[in-house]
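Here's a friendly walk through the structure shown below. Take a look at it, then read on.

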Amino acid sequence: MPLLPAPPSPSTGATPTDVARWVAAHLGDLTREGPDGVAPGVVRGGQSAADAALAALDVSGYAGSRSTVLPVARRGASRMSPYIRHGLLPLPLVWAAVSGAPTRDRTKYRDELLWQEFARHLYARVGRQLGTELRHAQPHVAVPAGAPWADDPWPAEMNCTDTVDRELHTDGWLVNQTRMWLASQWSVRAGADWRAGEDETYVHLLDGSRAANRLGWQWTVGTGSGKPYGFSRWQVEKRAPELCRGCALADACPIEQWPEADTGPRVAGPDLGRAPVPAGPVEVEGGGAEQVWLTAESLGTADPALAADPDRPAVFVFDEPLLARLRLSGKRLVFLAETVGELAATRPVEVRRGAVDVELAGRSLASTWAPVPGWQRLAGRLRPAEVHP
């Protein structure tokens, strides 16, 4: 049935396991792991969890520790990105939250927030063309005969890539340093298609967005910046030396030296000139809508369409055709279900599964404009009666 019961809410005592069971029962056939493999990731969904994370945010020392990989206790990364990605914590709110931090740490942290904002602007501008090279083709890499990644760009024999790959699959979250390791090893050294690698990380990351993830891969591979990021043993020894000490290839490391990769040739990518960036309405357009259409881009209680009328019911649709195509990890759906379930515990929220334009056809909808092609395509069909900036 397209109408689903509301997911269990963390605010009423539901555990991540409870929500994982709900996802397995109602969406498990759409996940990468299947119903029997659905499990929560390392970051809990919901506005309460987001608010608690923001209240505890302390970026003192961030500039020096943000790239630390191991030990985990010394990592400086904040793990706020899943909440930012799904609109639980708007960027200006997080920006303001670090205003009292030491200057160097505050500046570096805000640089990362600006990267998120820039990625959204770029995605709004070029849309699906972000899946094509921006300025340069992927560098050609001559893979040495007998290289351990001939069949797997992230070989299990290499403790560094294997450990990070397992963390990606289990936790659904990685520090930025190891994201660059995986992208560089996949594309710059092993020569595999960067799009396939980006897909492989996207389906698992709790903060996975085509905007930030694709732009990150393009920067690392050098298709955007023109300079490939080289991954070698030096980074591992600096950021996580225990990985090298525990590696079976410690005395025959295949990444001992920098990878040999030149900048790829220029390509005629999307127009990156000084053209307007689509940004939606400046003021609310329309009015009088009967129901709020919630999207995965904006699931926080501060969502403008949601906050405009605290008594107005909402609806969220798990997009069946899209999920069947993407085959996201179940942990991503657990995060979304926790968030939707908590909303449904505080106000009427209808939860459905199916094609969004079919499930919502003919309804009087209010929605918040989103800088993604999917929202614009669906809004063109559904014609919301009320669109918020």
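## Ground rules

Helices (H or I, at least four residues) and strands (E, at least two) are DSSP runs, numbered from the N terminus. What you're looking at is a predicted model, where local features need pLDDT of at least 70, side-chain atom pairs count only at pLDDT 80 or more, and totals for chains, interfaces and linings use all residues. Residues are numbered from 1 along each chain as its sequence is written, and side-chain values use heavy atoms, with hydrogens and water left out.

## The whole thing at a glance

Let's start with the big picture: the protein has 17 helices and seven strands. Its C-alpha atoms fill a box of roughly 65 × 50 × 45 Å along the principal axes. The radius of gyration is 21 Å, which agrees with the value near 21 Å that a compact globule of 389 residues would have. That radius is taken over C-alpha atoms, and the globule rule is 2.2 Å times the number of residues to the power 0.38.

How much of the protein counts as buried? The share is 52% of the 389 residues, where buried means under 20% relative accessible area, exposed means over 50%, and partly exposed is in between (1.4 Å probe, protein chains only).

## Gly46 and Tyr83

Now zoom in on Gly46, in the loop between α1 (16–26) and α2 (47–55). Gly46 counts as buried because its relative accessibility is 0%. Leaving out residues up to four places away in sequence, Gly46 touches Tyr83, Leu88, Glu338, Thr339 and Glu342. Gly46 and Phe335 are 289 residues apart along the chain, yet their C-alpha atoms are separated by 7.5 Å.

Tyr83, one of those partners of Gly46, lies in helix α4 (residues 81–85). With 4% relative accessibility, Tyr83 counts as buried. Beyond its neighbours within four places in sequence, Tyr83 has contacts that include Val43, Arg44, Ala49, Leu89 and Phe335. Asp18 makes another reference point: 65 residues from Tyr83 in sequence, with 21 Å between the two C-alpha atoms.

## Two helices crossing

Next up are helix α7 (residues 159–171) and helix α8 (residues 176–189), which pack at an angle of about 115° with their axes 10 Å apart. Here, axes are lines fitted to C-alpha atoms, for helices over the stretch in contact, and angles run from 0 to 180 degrees between N-to-C directions.

Which residues meet where α7 and α8 come together? Thr161, Val164 and Leu168 come from α7, while α8 brings Thr178, Trp181, Leu182 and Gln185.

## A buried glutamate

Glu198 sits in helix α9 (residues 194–202). Is Glu198 buried or exposed? Glu198 is buried, as its relative accessible area is 1%. Its contacts, not counting residues up to four places away in sequence, are Arg210, Asn213, Arg214 and Trp217.

A cis peptide bond joins Leu70 and Pro71, with omega at about 0°. You'll find Pro71 in the loop between α3 (62–65) and α4.

Arg327 isn't a glycine, but it has a positive phi of about 55°. Look for Arg327 in the loop between α14 (320–326) and α15 (330–344), where it counts as partly exposed at 31% relative accessibility. Arg383, not a glycine either, has a positive phi of about 45°. Arg383 is in the loop between α17 (373–382) and β7 (386–388), and is exposed, with a relative accessible area of 66%.

Technical notes: Contact means heavy atoms within 4.5 Å.
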